[in-house]
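Subject: Structure handover

Hello,

Here is the structure I promised to pass on. Please open it first, then read my notes below.

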Amino acid sequence: MKIDVLTLFPAMFAGPLDESIVRRARDTGKLDLQLHNLRDYTHDRHRTVDDRPFGGGPGMLLKPEPIFEAVEHLRGENTRVILLTPAGRLFNQAVALELAQREHLLLICGSYEGVDERVRQFLVDEELSIGDYVLTNGALPAMVIIDAVTRLLPGVLGDEQSAHEESFSRERLEYPQYTRPADFRGMKAPEVLLSGHHAEIAKWRAAQAELRTAQRRPDLLAGTDRPPAGDERQTE
Ligand code: 4FV
């Protein structure tokens, strides 16, 4: 997969995408990640990328020209152009699985108060939000999406199985897991997990996933919207 990122802060991407699984995906050619500074698509001495909103109002907006020029330069025939914005569709595992099927993603990172509306109208295929809160710019949302999509690319995660067994893979939160020691300060791992009875273990895990999902995210069971956060922990 190829991912191009259009941002005013390419340096913000150094670090989170240079370690561990994403690093290995880049080193093994499974992910070709390229960062592009929006200012490189300006032609004036001040490398202007923003301006005041027509009709007044606080803050500045990203101008259309540099973004159109950049996208028209980077876009190919199989490119999905995605704008990161709080006004977008909520990003989740299902969207990550969708995007992981694509050949080429071009992520536009918003800044300031947002972008000129003509970018949305005439350039963008899709708008995504990582959550109902306002960030300083779109770099972190882009990194979140790159991380979630990269680990779904074929051959990126060690044992394929893990992407299937995890939270949200079947609209269920994942079951409790334990590792050695079986008895830690008197806190014991459930006997069934030490039994070797795989059918029993699978049954216990399914029941635990159901219980945890019902208690914490009933919306996932009913396929409805997420309920307001309440402290439901430790009721298991
Ligand atoms: C955001 C989000 C987000 C809004 C103004 C950048 C900021 C500034 N993007 N999911 N939540 N963006 O807060 O995607 O342009």
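In which loop is the place of proline 181? Proline 181 sits in the loop between α6 (161-165) and β8 (183-184). Bear in mind throughout that this is a predicted model.

I start there for its backbone. Arginine 180 and proline 181 are joined by a cis peptide bond. Omega for that bond is about 5°. Serine 20 also deserves a look. Its phi is near 50°, a positive value in a residue other than glycine. Serine 20 belongs to helix α1, which covers residues 20-27. For context, most peptide bonds are trans, and most residues other than glycine have a negative phi.

Now the ligand. There are 17 residues around the ligand. Those that come nearest are Tyr112, Ile130, Gly131, Tyr133 and Leu135.

- Tyrosine 112: a backbone N or O atom lies 3.0 Å from an oxygen atom of the ligand.
- Isoleucine 130: a polar backbone atom is 3.0 Å from a nitrogen atom of the ligand.
- Tyrosine 133: a polar backbone atom is 2.9 Å from a nitrogen atom of the ligand.

How much of the ligand does the protein bury? Taken alone, the ligand exposes 370 Å², and the protein buries 95% of that.

Two elements give two or more residues to the shell around the ligand: β5 (79-90) and β7 (126-129). Of the elements, β5 gives the most to this shell, with 3 residues. By class, the shell has 9 nonpolar residues and 8 polar ones.

Next, the pocket. The ligand takes up the space of the second largest pocket. About 360 Å³ of space lies in the second largest pocket. Its lining is made of 22 residues. Leu84, Thr85, Pro86, Gly110 and Leu135 lie nearest the centre of the pocket. Leu135 is also among the residues that come nearest to the ligand.

Which element gives the most to the lining of the second largest pocket? That is β5, with 4 residues. Both β5 and β7 supply at least two residues of this lining. By class, the lining has 11 nonpolar, 9 polar and 2 charged residues.

Please send back any questions.

Best wishes

Key. Residues are numbered from 1 along each chain as its sequence is written. This is a predicted model: local features need pLDDT of at least 70, side-chain atom pairs count only at pLDDT 80 or more; totals for chains, interfaces and linings use all residues. Side-chain values use heavy atoms; hydrogens and water are left out. A residue is near a molecule or strand if one of its heavy atoms lies within 4 Å of it. A polar contact is a pair of N or O atoms within 3.5 Å; within protein, one must be able to donate a hydrogen and the other to accept it, and residues adjacent in sequence count only if both atoms are side-chain atoms. Accessible areas come from the Shrake-Rupley method with a 1.4 Å probe; for residues, only the protein chains shown count as cover. On a 1 Å grid over the protein atoms alone, a cavity is a set of points where a 1.4 Å probe fits but cannot get out, and a pocket is an open set with protein on both sides within 12 Å along at least five of seven lines; lining residues have an atom within 4 Å of a point. A molecule sits in a cavity or pocket if more than half of its atoms lie within 2 Å of its grid points. Ala, Val, Leu, Ile, Met, Phe, Trp, Tyr, Cys and Pro count as nonpolar, Asp, Glu, Lys and Arg as charged, and the others, Gly among them, as polar. Grid points are joined across faces, edges and corners, and a volume is the space filled by probe spheres set on the points.
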